[in-house]
Structure formats: C-alpha cells, structure tokens
Amino acid sequence: YFSYIGIFTVKFNRLINSILFRNYLKIQKLDKKNFFKRNSIYTDNQVKTYLNCLDQLEKKGFTKIKLSDLNLKNVFSIKNFLIEVSTKYKLSIDELENENLIAHKDKNYWKEIYRQNYNYESYNPEDPVQELILNDAINKIAYLYLKRKFFVQELNFYCSPKSKTNLNEKTLIGSQGWHLDNQWNSQFKIFYSPYTLNKNCGPTTLYPADLSKNLEYPNYPGYFNDETAQENGFNLNSQKEMDSTPEEIFIADTSRCFHYGSRNVKKSRFLLIIALAPIPYNLSPFYVRKGLKKGFNFKYLNSQIKKFFISYK
C-alpha cells in the first residue's frame, strides 16, 4: 500500500502532481484529422493510416506502423545504423550474466548497447534514432493518444543473447513475468528491431488493454507467472506477440496492457525501446521536479519536443 508505487502512495502523488504540474497534465482537445492536416505535409492515405493506428492504440493498447509512412529522410537508415551497432556485440548469455553480476545488475538477460556509445544529449545528424524520436507524425500520434504533453523517458537498444535452456514457470526472472508499467497510467512506447522479430527471438508479449482493464492485478505491483495469470482470469489465447519486420515499428501502451518481456530466446534479439510518457504523476513530485530539471536525462530530445508543443498551441 505504501511502497514506491503502492496504492495509497500513487493516490497521494496523483493529487500533489495534479496541482503542481497542472500545465503539463491539462488534457488537450484536438480535432484529430485537422491536427494531421494542419501543415499539409501528409497525404490523405497517410492521415488515414495515422488515425487507424490511433484507433487501435485507444481500443487495444497496441498498433504497428510502417517506417515508409513516416516521411523519414531515409527509411533504411535506422535499420542499417542499428545493425552496425548490433554487430559489435556478440555476447553469450554466460558472458552477459558474468558482466552484469560484476556490475551488480539484477536483470542479467540483456545489455543496453546504444547510449553507452553514442552522444544522444546533442544533435547528431548521423543518428537516425534521433530522427525517429522527433518525427512529426510519431509526435502527433503520441500527443493525440496521451492527450497531454509528454517527454522522452526511456531510450535503450537492448541485446538479449540466446538462452541456454527454455524457461519454465520456476525460472522466470523479473520482467519475464506478467506486469504493468505502473509509473504512469498511460504511455506511448515504441519498439523497433533492425531484424525480424518472431517466436525465435522471444518477442515481448501483450494482453490487450480492453481485456487487461477488466482484470485484477495479482501480486501488485510486482510480477506473476502464466499459472497465476490464468487463475486470475487471463485467457492466454488472447495474448499478442509483438512480432515485426525491420520495415515497421510496434507501438504499445505497457501501462495499460499486461505484458512480459523476452523469454526462450533461440537466437539473439536486438530491440530498440523508446518511451514517450507524460509527467509521471504516479511518482513522487520530488522525482518529477528532478526529472524536469534534467530533461529526464534527454535534454536535447526533450527540448526539441518542447518546440513541437509550442508550434501547436
């Protein structure tokens, strides 16, 4: 009840944050179609695609969109860039576990390989990850979905090496169990891999938002396994694997959809995860103030997103 994101703590934080940060939390009422057409850079088919993605997000909590629909300078640049990053890391699961043990990391099944090597704090014209985050269509879909200002609050490119053995109920670790991202009531999370994601890569798996909202949260706010999920009303036939090709991105609200991370990786998985989220008003207002002051550690990106909001007042 009184933990970091305990029931009473969250209610208290929401009340305080709704007062202190009301300018950020104010719901924006916008005409969706006209919002996309405002500067006339999108075709009618593109607008239809964006509105369809928005509708799927609102109803199910997840959607996919092709990179070619986003007016990127070079559709294949992010794929080539991340493949180049990924080829530098060929860690086995044993090597990764030993490395994370030395670093005192509790999640020993993946490694972040982007931020430690690239300067994301300032403009880099050679970095297509920045271009994706600041893409006008992505920002508009996120703004319409979240209905308020948002910030980049996560940016990681993870390498998950091939598993030694298939995981079972007793060997699940951390986020390999079902959970919600409780820091927010809602967020806009982008998932992209420069390789095809399918069952062999242990894709992130979702339970649709329209079904998740009707379920109790077993073991709140922690993780739980498939058996516990089924005991609490989950129909595992309704779960959705986040499969994708290098030509598309997957978008999901992991605060509304119960989900779990990579399990039973038969070959190494490389996954870019970007979280666009509103003020984290389920968290302490002291954390929020500190995060705002530092741009949530993404000062350049968030300063550019701030300009996006200013231009659409």
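The secondary structure of the protein comprises 12 helices and 9 strands (DSSP runs numbered from the N terminus, helices being H or I of at least four residues and strands E of at least two). The model is predicted: local features need pLDDT of at least 70, side-chain atom pairs count only at pLDDT 80 or more, and totals for chains, interfaces and linings use all residues. Residues are numbered from 1 along each chain as its sequence is written, and side-chain values use heavy atoms, with hydrogens and water left out.

**Exercise 1.** Determine which strands stand at the edges of the open sheet of 3 strands.

*Solution.* Begin with the order, which is 6-5-8 with antiparallel pairing (two strands pair if DSSP finds at least two bridges between them). Strand 6 (240-241) and strand 8 (258-260) each have a single partner strand, so one side of each lacks a neighbour in the sheet and both are edge strands. Next, strand 5 (residues 205-207) is joined to strand 6 by 2 bridges. Within strand 6, glutamate 241 is the residue opposite threonine 205.

**Exercise 2.** Characterise the crossing of helix 8 and helix 12.

*Solution.* The axes of helix 8 (residues 136-146) and helix 12 (residues 299-311) come within 11 Å and cross at roughly 70° (axes are lines fitted to C-alpha atoms, for helices over the stretch in contact, with angles from 0 to 180 degrees between N-to-C directions). Helix 8 is therefore roughly perpendicular to helix 12 (65 to 115 degrees). Contact (heavy atoms within 4.5 Å) is made by Asp136, Asn139, Lys140 and Tyr143 of helix 8 with Ile305, Phe308 and Phe309 of helix 12.

Key. Angles under 35 degrees count as roughly parallel, over 145 as roughly antiparallel, 65 to 115 as roughly perpendicular and the rest as oblique.
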